[in-house]
Amino acid sequence: MIRIQLDTIEEMQVFGNLLAAMLREGDVITLDGQLGAGKTTLVQMIARALHTSQEAVSPTFSLVNIYEGDRKLNHLDLYRLESEEELESFEFEDYFYPEDSITLIEWSTRTPSYLPKQRLEMEIEVGERGDRRIILRDPAGRFEKLIERLTDEYPVN
């Protein structure tokens, strides 16, 4: 587990830009944290860095938004799911195991048994001063180089 400290929204934007530059088709990133922690904001920053044709918005009611840009981006928000089995009502495999796109999943803790093992987990915590700490976990070891580059750029605690 690695913790990255981001003190300002500008630092978060730089983080989003750097992360977007390193993401590749097939990557899945989960984004968790309390309401208002900045999950959708980080998705928007990544989408901008990927030069998507539309501004990213939360797909809370549709579950998924797809954005075309430098690389195709799938954005899922699972907040409204009442059970994991609700995922089966749509073709979640295309998003959880993407081949030609990148997937960002907000509120992934709602579907733990469906998540791919090959994922980068991000948990966003809000500090007392409005700063953010991003906790990174790499359960399968797929993102070691990405994490190493991120931690070269940001304070780790």
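Me: Helices (H or I, at least four residues) and strands (E, at least two) are DSSP runs, numbered from the N terminus. With that settled, where is His51 found?

Reply: Happy to start there: this is a predicted model, in which local features need pLDDT of at least 70, side-chain atom pairs count only at pLDDT 80 or more, and totals for chains, interfaces and linings use all residues. Residues are numbered from 1 along each chain as its sequence is written, and side-chain values use heavy atoms, with hydrogens and water left out. The phi of His51 is near 55 degrees, a positive value in a residue other than glycine. His51 is found in the loop between α2 and β3.

Me: Is His51 buried or exposed?

Reply: Buried means under 20% relative accessible area, exposed over 50%, and partly exposed in between (1.4 Å probe, protein chains only). His51 has a relative accessible area of 55%, so His51 is exposed.

Me: Trp107 also has a positive phi in a residue other than glycine. Is Trp107 buried or exposed?

Reply: Trp107 is found in the loop between β5 and β6, and its phi is near 60 degrees. The relative accessibility of Trp107 is 13%, so Trp107 counts as buried.

Me: How many Å separate the C-alpha atoms of Glu82 and Thr111?

Reply: Glu82 has its place in the loop between β4 and α3 (93-96). With 76% relative accessibility, Glu82 counts as exposed. Along the chain, Glu82 and Thr111 are 29 residues apart, and their C-alpha atoms are separated by 9.8 Å.

Me: Which residue in β5 is the bridge partner of His75?

Reply: Strand β4 (residues 73-77) pairs with strand β5 (residues 102-106) in the parallel sense over 5 bridges. β2 and β5 also pair in the parallel sense, over 4 bridges, and there the β5 partner of Ile29 is Leu104. For His75, the bridge partner in β5 is Leu104.

Me: How many of the residues of β5 are buried?

Reply: Ile102, Leu104 and Glu106 point one way from β5, while Thr103 and Ile105 point the other way, and all are buried. β5 is mostly covered, and the buried count is 5 of 5.

Me: What crossing does α1 make as it passes α2, right-handed or left-handed?

Reply: Helix α1 (residues 9-22) packs with helix α2 (residues 39-49) at an angle of about 50 degrees, their axes 8 Å apart; axes are lines fitted to C-alpha atoms, for helices over the stretch in contact, and angles run from 0 to 180 degrees between N-to-C directions. Angles under 35 degrees count as roughly parallel, over 145 as roughly antiparallel, 65 to 115 as roughly perpendicular and the rest as oblique, and α1 and α2 are therefore oblique to each other. A crossing is left-handed if the near helix is turned anticlockwise from the far one by less than a right angle, and right-handed if clockwise. The crossing of α1 past α2 is right-handed.

Me: How many charged residues are in the contact of α1 with α2?

Reply: Contact means heavy atoms within 4.5 Å, and the α1 residues meeting α2 include Ile9, Met12 and Phe15, with Leu42, Met45 and Arg48 among those they meet. Ala, Val, Leu, Ile, Met, Phe, Trp, Tyr, Cys and Pro count as nonpolar, Asp, Glu, Lys and Arg as charged, and the others, Gly among them, as polar. By class, this contact of α1 with α2 has 9 nonpolar and 4 polar residues, and the number of charged ones is 1.

Me: Which residues of α4 does α1 meet?

Reply: α1 and α4 pack at about 155 degrees with their axes 11 Å apart, and are therefore roughly antiparallel to each other. From α1, the residues Phe15, Leu18, Leu19 and Met22 meet Leu146, Arg149, Leu150 and Glu153.

Technical notes:
Two strands pair if DSSP finds at least two bridges between them.
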